[in-house]
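I opened this entry to keep track of what I looked up.

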Amino acid sequence: MKTHYRVAIIGGGIVGTSVLYHLARRGWTDIALFERSELTAGSTWHAAAGFHALNEDPNVAALQSYTIKLYAQIEEESGQSVGMHMPGGYSIATTPARWEWLRAEAAIYETLGIGARLATPEEIVAQCPIVDPTGLLGGLFDPHEGAVDPHGTTHAFAGAAKKRGAELILRNRVLALTPLPNGHWRLDTERGVVIAEHVVNAAGLWARRVGRMAGIDLPLTPMQHHYLITEDVPALVARKTEMPCVTDLEGFTYLQQERKGVLLGVYERNPKHWNVEGADWDYGMELIPEEIDRISEELAIGFARFPQLQEVGIRKWVNGAFTFTPDGNPLVGPVAGLRNYWTACGCMSGFSQGGAIGLVLANWMVDGDPGTDVFGMDVARYGSFASNDQYLRDMTAQFYARRFVMAYPNEELPAGRPLKMTPSYAAQKSAGAHFGVVWGMETPQFFAPGQSDFVELPSLRRSNAHALVAAEVKATRTAAGLLDTAVYGRYEVSGPGAEAWLDHLLANHLPPVGRLRLAPMLAPAGTLMGDLTVTRLASDRFWLVGSYYLQEWHLRWFRDHLPASGVHIDNLSETWLGFSLSGPHSRQILASLTRADLSNTALPLFGCRYIDIGLSRAVVARLSLTGELGYEITVPAVQQKALWEALLEHGTPLGLKPIGMRAQDSLRLEKGYGVWSLEFAQSYTPAMAGLDRFVAYDKGDFIGRDAALKARNAAPAQQLVLLAVDALDADVTGFEPVWAGTRKVGFVTSGAYGHHVQQSLALAYVDRDVVDAPVPLEVPVVGDRRPARLLAEPPYDPTGSRLRS
């Protein structure tokens, strides 16, 4: 062991060794992995070690595909067998709803090129003869499903890393971490002190404890997970080839062949946490006593679906702990406020995701960019609220229990709620609001006024709230709609260096005082890092507005680029709140609450002023995402309820109705407006997204300028377009493929029914040749291909006259 390393990785499981390998592959060889015991001595050694490419987050699914493809390379490099078996696997459907869901999922995986396909009951039974066909309607076959040997795979990563110069330090626990003034870290270990330029927390079951060494509380916790291994099954003894894996989604079980028996795992509906703070330091290669009674209901379903298991003995029970986060995806990336401290933990699917975590983290550390959109894994997707004990327990239990439960696009889950509520929450609830949740904040999705017993039914198709959303859209197009803007994050940037800093951070020209502009923010590679608005309130004071759930992500980026002095950033996201008022009557409503001049001359489009609205001194900005005349009215949070009451009192006689996010989606799609994480994301460039018209190529240096200039001279391979879809009773949701005959030419980013134009709409990225010479298109809607056509202009108010009225 040396006294100094460029990188110290804490944890010798599948994730830690993958990070070690990928950093060494990138040329960082002065690196070491510190393991308190032996490699795999956490949750890795007892893992079922199954892998698959399928994931609800398409970006994560693409990364899982990388992991699977990597195994053969690691085996060859290291000379260590990974014990890979890849017979493929079936996710089976035994209810009509599940079959419909699988058909919709299959279309999404076509976009990713994973190769998943639908399968008949006959095929499933022929390939998996131990499956009882009773009630079987079909399945989704993933050719990339299988399993590896957890010991061999971990040692293969470690061995390949050692060949490239990395170091393994076993049986040496890290006792303490101390940040140093120069950004380096002091590691006190059982064998002495080490200084590292970077620290990676890949500590698995101990990751929460290692986080607390650095003063952070990571939102992850261990939970128990059972599987059993049977004695030989006669049907498999007689079989010459390995049987594909089977996941019985309605039965909460998964099955894979293990020698001539099977491994049967259970995701029970009454899960149990284990050592919420993390495993004890002296916890070794041990198992938790099995709790068969607790999982007996799911076991009974499994043994009924695979009846031959009733005739053979159980060779081994495994009840081991794995770490889970609130959404089941890992925590990867730099931690805001802790220079050179990185996370690679919370990974409950290590053998599907471990390779990808190593790849993106190594890219991030070496290049300053993960190389792809990894927000679904980014540690910055959570705020500190997610580490609250009850919140963490409730959310991880909900995720675990719903591991194989269908997720619907209109479904709002109850765990961890209500947590954050605006002052007008109760009033909006009394008005019939049905809430979703965004980063812990209760956010109206739609209103059912006068229907206190209304319950929206989860569905892949247009729900029973469809008519309620239509009424909100109608009100906004004909009178006015009122939307709670707590879904936005707000930041004040001030100081003598604010203008110069923002001019470098943002790709647009900064506005003059009293104006705002749309502001793309770029990474050095020229891809998008933000879709913001920037408002200039004074010569040295600005507001930036973005998505509420991106607060940690945005603030990390802002602070990573701050100068040493002269610029101050305040997060106003929960101290300033308000509403978006839009529609043809919005000026008249606002005028009834103020003596200020609201004419186009005094407050033009993209203008901004302090105005007294009722009892509140408000920041009023002239813009809207609905395509109508509109205003965003923002006040100190304690005055938000008074603003709500005043606007309703004066607006209701003029047709004003409260609206939710569902209506907002319908309205924005009628105008072809994109939003962050759907149309705008880290994988896209301004030219692809149609945001290049806001990029000031003629101004001085800004982040991403060189790459943006290069991209400007070459037409993007794909471009964002608006599609009209000939849908029946459902709409696209995102990542469905776009077909031109037999050629896949793009993919959907979001969709909704345009209630005013009475047309199903979708935004999509399509190949450039389709943009230049439109052809007949098709898009799957809940698995059924429907005709679609490219729209040359938005179907509602293409000239923008309503917005400027």
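**Salt bridges.** I started with a network of salt bridges that links Arg208, Arg212, Asp217 and Glu277. This is a predicted model. I looked up the pair Glu277 and Arg212: their side chains meet in a salt bridge, 2.2 Å from N to O. Arg212 lies in helix α6 (residues 207-213) and Glu277 in the loop between β15 (261-266) and α8 (296-305), so this pair ties together parts that are 65 residues apart in sequence.

I then took Glu268 and Arg294. They form a salt bridge, with the closest N and O atoms 2.8 Å apart. Both residues lie in the loop between β15 and α8, 26 residues apart. Glu268 and Arg294 are buried.

Asp772 forms a salt bridge with Arg768, the closest N and O atoms being 3.4 Å apart. Both sit in helix α20 (residues 768-772), four residues apart, about one turn of the helix. An α-helix has 3.6 residues a turn, so residues three or four places apart point the same way. Asp772 is exposed at 53% relative accessible area, while Arg768 is partly exposed at 28%. For the whole structure I noted 42 salt bridges.

**Cysteines.** How many disulfides does the structure hold? I noted zero. Cys345 is in no disulfide; its nearest cysteine sulfur belongs to Cys347, 9.5 Å away. Cys345 is buried at 2% relative accessible area. Cys347 counts as buried at 12%.

**Sheet.** I traced an open sheet of six strands, with mixed pairing and the order β28-β29-β30-β27-β21-β31. β28 (608-613) and β31 (656-658) stand at the edges with a single partner strand each, so one side of each has no neighbour in the sheet. Neighbouring strands are turned by 30 degrees against each other on average, direction ignored. β21 (residues 480-484) pairs with β31 in the parallel sense over three bridges. Leu482 stands opposite Pro658 in β31. Helix α16 (residues 640-651) packs on this sheet and touches strands including β21, β27 (576-582) and β31. The direction of α16 makes about 15 degrees with that of β27.

**Helix α17.** Last, I checked burial here. In α17 (residues 661-671), 10 of the 11 residues are buried, so the helix is largely enclosed by the rest of the structure. Among the buried residues are Met661, Arg662, Glu670 and Lys671. Just after α17, Gly672 takes a positive phi of about 75 degrees.

Definitions and conventions. Residues are numbered from 1 along each chain as its sequence is written. This is a predicted model: local features need pLDDT of at least 70, side-chain atom pairs count only at pLDDT 80 or more; totals for chains, interfaces and linings use all residues. Side-chain values use heavy atoms; hydrogens and water are left out. A disulfide is a pair of cysteine sulfur atoms within 2.5 Å. Buried means under 20% relative accessible area, exposed over 50%, partly exposed in between (1.4 Å probe, protein chains only). Helices (H or I, at least four residues) and strands (E, at least two) are DSSP runs, numbered from the N terminus. Two strands pair if DSSP finds at least two bridges between them. Axes are lines fitted to C-alpha atoms, for helices over the stretch in contact, and angles run from 0 to 180 degrees between N-to-C directions. Contact means heavy atoms within 4.5 Å. A salt bridge is a side-chain nitrogen of Lys or Arg within 4 Å of a carboxyl oxygen of Asp or Glu.
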